[in-house]
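Dear colleague,

Please find below the structure that I am handing over to you.

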Amino acid sequence: MNNKEYIESQISKLEEKYKDSGQDLSSYLDGLLYQRYLTYWDYIHLDTLLSIQVPRTYFPDEEIFIMYHQITELYFKLILHEQKQIVDDKSQNVDFLIEKIRRINSYYQALISSFSIMIKGMEREQFLRYRMALLPSSGFQSAQYRMIEIYATPLENLVHHSERDGFSSENAIEELYEHIYWKKGATDISTGEKTLTLKQFEYRYTPRLIRIAKQVRTSTIYHKFLLLPVEKKDNKALIEALKTLDLNANVNWPLMHMGSAHRYLGKDKEEINATGGTNWKEYLPPSFQKVVFFPELYSNQELNNWGKQWVDHIFNPEKE
């Protein structure tokens, strides 16, 4: 096919594409003629992106704090982008599932490997000052992070481990949500009352999170795995990818936050509370929460010891 024939073929395809739109092809070609050239900065809205870092204090390192959290939320959006495709897929194609989970793991690995920016990339004295201007906001209020958990596993697996045995898939979504593990981490340390941080978050996001939980009640990533035929469930690459996701989301990523909190909040004679009033030493350790997305993949001993060695490494490094 010569160049002229190729162009004629492409025009024919465009005519077919646009014939049901109510406009003929010539109208769309006119639009293409008048349209200005696309630039990189317009395509990614660069000026807007670079304008949304708005510190509340004059400490230079606050801008680092803002940008890293914005980058984190963009990675969370990438993770959700893959999760939604898994949830919507009806094919039970193992290769598709493996590829999507590997992508999710690559996003987590980028986040985990970059977290030294938060642990070592800011002056502690600056952080301890500008953080007071952020009250009562907290990374605890990341709704996307909660959505990632809800897309990954049934809500009964997210009930606080001290109550988990009393709940199952038979319980109403609203009831399960009331006992979700992270709510215990956002109670006032001295009174046991819900912190303002949690009240703000619940007011803004509870209806949305419950709606998502209902939508994926039987189609989370864990459900997608459980519903596979036996011969497909035994796929070693799939099991490895799922286990890696569990470790990334529920051990390695929280552990990075533990390291950051330990550096900035845990070095004084009296430990400093997180900005949201959360008890970070009770909330962040993986071995305390025992959140596991895919429990069928582990032995009872593995589940009982979930995350313990990593927490020992942080708080008892002399044991290493």
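A residue is called buried when its relative accessible area is under 20%, exposed when that area is over 50%, and partly exposed in between. Phe140, with a relative accessibility of 5%, therefore counts as buried. Please bear in mind throughout that this is a predicted model.

Overall architecture

The protein contains 18 helices and 0 strands. Of its 320 residues, 42% are buried. Among contacts with a separation of 6 or more, 71% are made by residues 24 or more positions apart.

Aromatic pairs

In the whole structure, 17 aromatic pairs were found. One of them joins Phe140 and Phe201 in an edge-to-face arrangement, with 6.3 Å from centre to centre and 65° between the planes. Phe140 belongs to the loop between α8 (124–130) and α9, whereas Phe201 belongs to helix α11 (residues 196–215), so this pair ties together parts that are 61 residues apart in sequence. Phe201 has a relative accessibility of 2% and therefore counts as buried, as does Phe140 at 5%.

Tyr298 and Trp306 form a further pair: because their planes stand at 70°, with ring centres 5.2 Å apart, the pair is edge-to-face. Tyr298 is buried at 12% relative accessibility, and Trp306 is buried at 5%.

The packing of α5 and α6

Two packed helices are described by the angle between their axes and the distance between the axes. For helix α5 (residues 61–88) and helix α6 (residues 94–114), the angle is about 170° and the axes are 9 Å apart. An angle over 145 degrees counts as roughly antiparallel, and α5 and α6 are therefore roughly antiparallel to each other. On the α5 side, the residues that make the contact include Tyr68, Thr72, Tyr75, Phe76 and Ile79. On the α6 side, they include Phe96, Leu97, Ile101, Ile104, Tyr107 and Leu111. Sorted by class, the contact of α5 with α6 has 14 nonpolar, 4 polar and 3 charged residues.

Gln144 is located in helix α9 (residues 143–152). Is Gln144 buried or exposed? Its relative accessibility is 18%, so Gln144 counts as buried. Apart from neighbours within four places in sequence, Gln144 is in contact with Glu73, Phe76, Lys77 and Leu80. With one of these residues there is also a polar approach: a polar atom of the Gln144 side chain lies 2.8 Å from the backbone oxygen of Glu73.

The surroundings of Lys290

Lys290 is placed in the loop between α16 (286–289) and α17 (300–304). At 21% relative accessibility, Lys290 counts as partly exposed. Which residues does Lys290 contact, leaving aside its neighbours within four places in sequence? They are His161, Arg164, Leu303, Asn304, Asn305 and Trp306. The side chain of Lys290 reaches the backbone oxygen of Asn304 at 2.6 Å. Trp306, listed among these contacts, is also the ring partner of Tyr298. The C-alpha atoms of Lys290 and Lys308 are separated by 9.4 Å, and these residues lie 18 residues apart along the chain.

The peptide bond from Leu135 to Pro136 is cis, with omega near -5°. Pro136 is situated in the loop between α8 and α9, and Phe140 is also placed in the loop between those helices.

His45 has a phi near 50°, which is a positive value in a residue other than glycine. His45 is found in the loop between α3 (40–43) and α4 (46–49), and its relative accessibility of 53% means that it counts as exposed. Gln92 is not a glycine either, yet its phi is positive at about 55°. Gln92 lies in the loop between α5 and α6 and is partly exposed, with a relative accessible area of 37%.

With kind regards

How values were computed. Residues numbered from 1 in each chain as written. Predicted model: local features only at pLDDT ≥ 70, side-chain atom pairs only at ≥ 80, totals over all residues. Heavy atoms only, no water. Helix = DSSP H or I, 4+ residues; strand = E, 2+ residues; numbered from the N terminus. Buried < 20%, exposed > 50% of the residue type's maximum accessible area, 1.4 Å probe, protein only. Polar contact = N/O pair within 3.5 Å; in protein donor to acceptor, adjacent residues only side chain to side chain. Contact = heavy atoms within 4.5 Å. Axes fitted to C-alpha atoms, helices over the stretch in contact; angles between N-to-C directions. Parallel < 35°, antiparallel > 145°, perpendicular 65-115°, else oblique. Nonpolar A, V, L, I, M, F, W, Y, C, P; charged D, E, K, R; others polar. Phe/Tyr/Trp six-rings, centres within 6.5 Å; stacked < 30°, edge-to-face > 60°.
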